[in-house]
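Me: I'm new to reading protein models, and I'd like to learn how to do it one feature at a time. Could you walk me through this one?

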Amino acid sequence: MDCTDFFTWAAGTSERFDCAAGNPPFIRYQSFKGLSKNAAAAICRAVGVRLSGLTSTWPAFLIATASLLKPDGRMAFVVPAEIGHAPYAKELLEYLLSAFSTVHVIAIREKLFPQLSQDCWLLYCDGRGGMTLDVCFSRVDLFEPFPEPPIPDEVVRWSRLILDCAVVFVHC
């Protein structure tokens with residue numbers, strides 16, 4: 001096993017994967033320093049995303065992971081519920097919509113990790129190399145393993161999402 005920083009490794013590897021899943025670190029970007037931060041910023045810039053200094057590291061982690069997927073690849077991640085309301089989430093969502101055929105946010109009403117103060121949702125993206133203007137949005141009461149994402153409660157057109165982001169995602 002190679003023990004190295006994810007962003008440094010991702011910036012230099014030629015490996016590509018069919019799928020990825022995980023729980024990225026929720027570390028504030030201003031606490032993120034050195035070679036790792038430089039590599040993350042370079043990966044994001046390479047796909048046209050500039051994250052503000054007020055963001056967290058998880059959007060960069062998702063962007064870097066997406067860059068490692070093969071065409072038609074998919075990824076599923078635990079994300080903070082702030083994907084539905086944080087201003088910096090707009091940059092991430094715009095990138096995901098331009099890079100995947102399906103972008104699906106699954107809001108979980110019951111805390112996924114009761115010991116954390118952070119509410120967490122799930123993000124599923126499929127069809128790497130495609131694009132869409134729609135964000136699928138599902139609400140579930142509690143997390144249960146499922147073989148496929150739930151049927152969306154709502155499909156939100158991106159132009160509408162820009163106008164009512166907080167309304168669409170906060171009312172779960």
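**Reading the model, feature by feature**

Reply: Happy to, and let's begin with a helix: in α2 the buried residues are Ser36, Ala39, Ala40, Ala41, Ile43 and Cys44. Keep in mind that this is a predicted model.

Me: How should I read a list of buried positions in a helix like that?

Reply: Here is the general idea. An α-helix has 3.6 residues a turn, so residues three or four places apart point the same way. Now the case here: the buried residues of α2 pack against α1 (6–12) and α3 (57–67).

Me: How many residues does α2 have, and what does it reach from end to end?

Reply: Helix α2 covers residues 34–46, which makes 13 residues. From its first C-alpha to its last it reaches 18 Å, close to the 18 Å expected at 1.5 Å a residue. After the helix comes glycine 48, whose phi is positive, near 85°.

Me: Let's step back for a moment. How many helices and strands are in the protein?

Reply: There are five helices and six strands. Read from the N terminus, their order is α-β-α-α-β-α-β-β-β-β-α. The protein has 172 residues, and 44% of them count as buried. Its accessible surface is about 9,000 Å², with 57% of that belonging to carbon and sulfur atoms.

Me: What share of the contacts join residues at least 24 apart in sequence?

Reply: Taking contacts between residues at least 6 apart in sequence, 73% join residues at least 24 apart. Glycine 22 gives you a case to look at. Leaving out residues up to four places away in sequence, glycine 22 touches Ala76, Phe77 and Val78.

Me: Is glycine 22 buried, partly exposed or exposed?

Reply: Partly exposed: its relative accessible area is 28%.

Me: What does methionine 75 touch?

Reply: Not counting residues up to four places away in sequence, methionine 75 touches Ala20, Leu62, Thr65, Ala66, Leu69, Leu96, Phe100, Leu123, Tyr124 and Cys125.

Me: Let's turn to charged side chains. How many salt bridges are there?

Reply: First, the general idea. Side chains of opposite charge can pair when their charged atoms come close. In this model the count comes to seven salt bridges. One of them joins aspartate 134 and arginine 157, at 2.8 Å from N to O. Aspartate 134 lies in strand β5 (residues 134–140) and arginine 157 in strand β6 (residues 154–157), so this pair ties together parts that are 23 residues apart in sequence. Arginine 157 is partly exposed, at 41% relative accessibility.

Me: Which residue does aspartate 153 meet in a salt bridge?

Reply: Aspartate 153 meets arginine 139, with an N to O distance of 3.8 Å. The aspartate is in the loop between β5 and β6 while arginine 139 is in strand β5, so the pair ties together parts that are 14 residues apart in sequence. Aspartate 153 is partly exposed at 48%, and arginine 139 is partly exposed at 22%. A network of salt bridges links Arg139, Asp153 and Glu154.

Me: And what is the case for aspartate 119?

Reply: Aspartate 119 pairs with lysine 111, their closest N and O atoms being 2.8 Å apart. Aspartate 119 has a relative accessible area of 42%, which means partly exposed, and lysine 111 is partly exposed too, at 31%.

Notes:
Residues numbered from 1 in each chain as written. Predicted model: local features only at pLDDT ≥ 70, side-chain atom pairs only at ≥ 80, totals over all residues. Heavy atoms only, no water. Helix = DSSP H or I, 4+ residues; strand = E, 2+ residues; numbered from the N terminus. Expected span 1.5 Å × (residues − 1). Buried < 20%, exposed > 50% of the residue type's maximum accessible area, 1.4 Å probe, protein only. Contact = heavy atoms within 4.5 Å. Salt bridge = Lys/Arg side-chain N within 4 Å of Asp/Glu carboxyl O. Areas by Shrake-Rupley, 256 points an atom, 1.4 Å probe, with all protein chains shown as cover.
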